[in-house]
Amino acid sequence: MKVSIKQISEYTGFSPATVSNALNYKKGVNRNTSEQIFRAARELGYLEENRITKVKFVKYKKNGLIVDGTPFFTLMIEGAMDECRKHGLEMVVSTLDARDPNYDEQVRWLINDKSAAVILLGTELMEEDLDIFRGAVCPFLLLDNWCTDMGFDAVLINNSDSARIATQYLIGKGHKEIGYLMGSFRINAFRSRAMGYQMALNRAGLPVDKKYTVTLLPTMDGSYKDMKKYLGKKPQLPTAFFADNDMVALGAMKAFTEAGIRIPDEVSIIGFDDLTFSAISSPGLTTLRVSQQNMGRVAVQRLLMLMNGETTHLKIQVCTEFIERESVKNLRKSS
């Protein structure tokens, strides 16, 4: 005879409503209570074998230029894991590398495993890379990316609006020649940030001058080397730059400093992400803070809805916080 909610309630001492809410991943049940209820449900045989109790957090790598060598994604994983524990779910972290010879087979196993739900960290995914994931039979969510045909649920950063706000800040400080430090690996997030940068300039009636766009490898060391090479040509520089992310900004700042170009007196810079390094750089980097832990939590919360049968796709954008430090000069004050 099948175990009932009432029996689990009697076994644990929690009310039937609390037991039901916990087993259906509803809000309002704290982590300890949820863990006790799920443990009892497993011990009593309430949870069937095909009931999902595991979340696979999968880091997708196309070339590793973005997801390797940065602490940005660690907090995102921690947030997701914390939310999984709260709801009595096991979370396992793995990597899916598109360069592996058996990549296609790995994807087939992933999307056809009905015993687990999937969060795919798709920062490095291009639109064409998503086709292989269509038809997943398990609850499936994209994190830090989205699909233009809206075929997947997604949780991502509000990239375009954030970049627009950062560029408007530079304009508000009196900058009229504003360049763009462009990551050479054009992930969707960078493309959206470029749109926000251009939108702010267009609204202010300022030109998007290609001579002030500098393409740099999106790693700290790569950005440093590329900017050093660029500065060796003695180019004309704008008064400020918006950078695709902090790794690009910090690498460029090192090259500027070595070349004797003072920040922010001669060139101002704004980054994106608010990495730990950004607060301790000299000068401190003005940037946009992303709440990585909250992104991880929101991803799990949305996944729980999918596990409960939700069918409408959602694109959830997480807003950033503007962090003002010392890397931007106020030209209006100077004049």
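Predicted model: local features only at pLDDT ≥ 70, side-chain atom pairs only at ≥ 80, totals over all residues.
Six strands form an open sheet. Their order is β2-β1-β3-β4-β5-β11, and the pairing is parallel. The edges are taken by β2 (90-97) and β11 (315-318). Each of these has a single partner strand, so one side of each lacks a neighbour in the sheet. From one strand to the next, the twist averages 20°.

Within this sheet, strand β1 (residues 54-61) pairs with strand β3 (residues 116-121). The two run in the parallel sense and are joined over six bridges. Lysine 59 has leucine 121 of β3 as its bridge partner. Helix α5 (residues 103-111) lies across β1, β2, β3 and β4 (140-143). The helix runs at about 155° to β2.

Helix packing was examined for α2 and α3. Two packed helices are described by the angle between their axes and the distance between the axes. The axes of helix α2 (residues 16-23) and helix α3 (residues 31-43) come within 9 Å. They cross at roughly 85°. An angle of 65 to 115 degrees counts as roughly perpendicular, and α2 and α3 are therefore roughly perpendicular to each other. On the α2 side, the contact is made by Thr18, Val19, Ala22 and Leu23. On the α3 side, Thr33, Ser34, Ile37, Phe38 and Ala41 take part. By class, the contact has six nonpolar and three polar residues.

One of the pairs is aspartate 68 with lysine 61. Their closest N and O atoms are 3.2 Å apart. Aspartate 68 is partly exposed, with a relative accessible area of 37%. Lysine 61 is buried, at 16%.

Lysine 62 forms a salt bridge with aspartate 129. Here the closest N and O atoms are 3.0 Å apart. This pair links distant parts of the chain, 67 residues apart. Lysine 62 sits in the loop between β1 and α4 (72-86), and aspartate 129 in the loop between β3 and β4. The relative accessible area of lysine 62 is 27%, which makes the residue partly exposed. Aspartate 129 is buried, with a value of 14%.

A further salt bridge joins aspartate 161 to arginine 164, with the closest N and O atoms 3.5 Å apart. Both residues lie in helix α6 (residues 159-172). They are three residues apart, about one turn of the helix. Aspartate 161 is partly exposed, with a relative accessible area of 32%. Arginine 164 is buried, at 15%. Elsewhere, salt bridges that share partners connect Asp274, Arg289, Glu321 and Arg325 into one network.

Helix α6 also holds tyrosine 169. The relative accessibility of tyrosine 169 is 17%. Buried means under 20% relative accessible area, so tyrosine 169 counts as buried. Neighbours within four places in sequence aside, tyrosine 169 is in contact with Ile270, Thr286, Phe322, Glu324 and Val328. Tyrosine 169 and isoleucine 270 are 101 residues apart along the chain. Their C-alpha atoms are separated by 9.5 Å.

Terms used
Residues numbered from 1 in each chain as written. Heavy atoms only, no water. Axes fitted to C-alpha atoms, helices over the stretch in contact; angles between N-to-C directions. Helix = DSSP H or I, 4+ residues; strand = E, 2+ residues; numbered from the N terminus. Parallel < 35°, antiparallel > 145°, perpendicular 65-115°, else oblique. Contact = heavy atoms within 4.5 Å. Nonpolar A, V, L, I, M, F, W, Y, C, P; charged D, E, K, R; others polar. Pairing = 2+ DSSP bridges. Salt bridge = Lys/Arg side-chain N within 4 Å of Asp/Glu carboxyl O. Buried < 20%, exposed > 50% of the residue type's maximum accessible area, 1.4 Å probe, protein only.
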